[in-house]
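Here are my notes on this model, in the order I would read it. Please keep the structure open alongside.

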Amino acid sequence: MAAARFLVEGRVQGVFFRASTRDQAQALALRGHAINLEDGRVEVLAVGPDEAVDALADWLRHGPPQARVDRVSREPAREDEAGDGFRTG
């Protein structure tokens, strides 16, 4: 089981990034969240099988068609931060 926090920079707010991330995460059976940050970034918390978290990390590097991802950083997270399901906020 892996738990990771991603910070995604670029044109990632107002382009369906969070909803698209939720769709990808649910398809991968991940728990966590995708939330807008005040500084324009999106924080993604993902918890699940290592391969699924890595697959989401790959997807985050380009995001949905309307987005422009300039940078994705990854740091460890705790499994208990995720809660049930995958939410946006």
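1. Overall layout. The chain holds two helices and five strands. Their order along the sequence is β-α-β-β-α-β-β. This is a predicted model, so all that follows describes a prediction.

2. Along the principal axes, the C-alpha atoms fill a box of roughly 30 × 25 × 20 Å.

3. Contacts and burial. Take the contacts between residues at least 6 apart in sequence: 77% of them join residues at least 24 apart. Of the 89 residues, 43% are buried.

4. The accessible surface comes to about 4800 Å². Carbon and sulfur atoms account for 45% of that surface.

5. Helix 1. Which residues of helix 1 are buried? They are Phe 17, Ser 20, Thr 21 and Ala 25. Seen down the axis, these buried residues fall within an arc of 135°, so they line one face of helix 1. They pack against strand 1, strand 2 (31-36), strand 3, helix 2, strand 4 and strand 5 (86-88). Just after helix 1, Ala 29 takes a positive phi of about 60°.

6. Helix 2. This helix spans residues 50-60. Its buried residues are Ala 52, Val 53, Leu 56, Ala 57, Trp 59 and Leu 60. They cover an arc of only 165° around the axis, which puts them on the same side of helix 2. Their cover includes strand 1 (2-11), helix 1 (17-27), strand 3 (42-48) and strand 4 (68-76).

7. Val 69. This residue lies in strand 4. Is Val 69 buried or exposed? Its relative accessibility is 19%, and the cut-off for buried is under 20%, so Val 69 counts as buried.

8. Neighbours of Val 69. Leaving aside residues up to four places away in sequence, Val 69 touches Val 8, Glu 9, Val 12, Phe 17, Leu 60, Arg 61, His 62 and Gly 63. Val 69 and Arg 11 are 58 residues apart in sequence, yet their C-alpha atoms are 6.3 Å apart in space.

Terms used: Residues numbered from 1 in each chain as written. Predicted model: local features only at pLDDT ≥ 70, side-chain atom pairs only at ≥ 80, totals over all residues. Heavy atoms only, no water. Buried < 20%, exposed > 50% of the residue type's maximum accessible area, 1.4 Å probe, protein only. Helix = DSSP H or I, 4+ residues; strand = E, 2+ residues; numbered from the N terminus. Arc of directions from axis to C-beta. Contact = heavy atoms within 4.5 Å. Areas by Shrake-Rupley, 256 points an atom, 1.4 Å probe, with all protein chains shown as cover.
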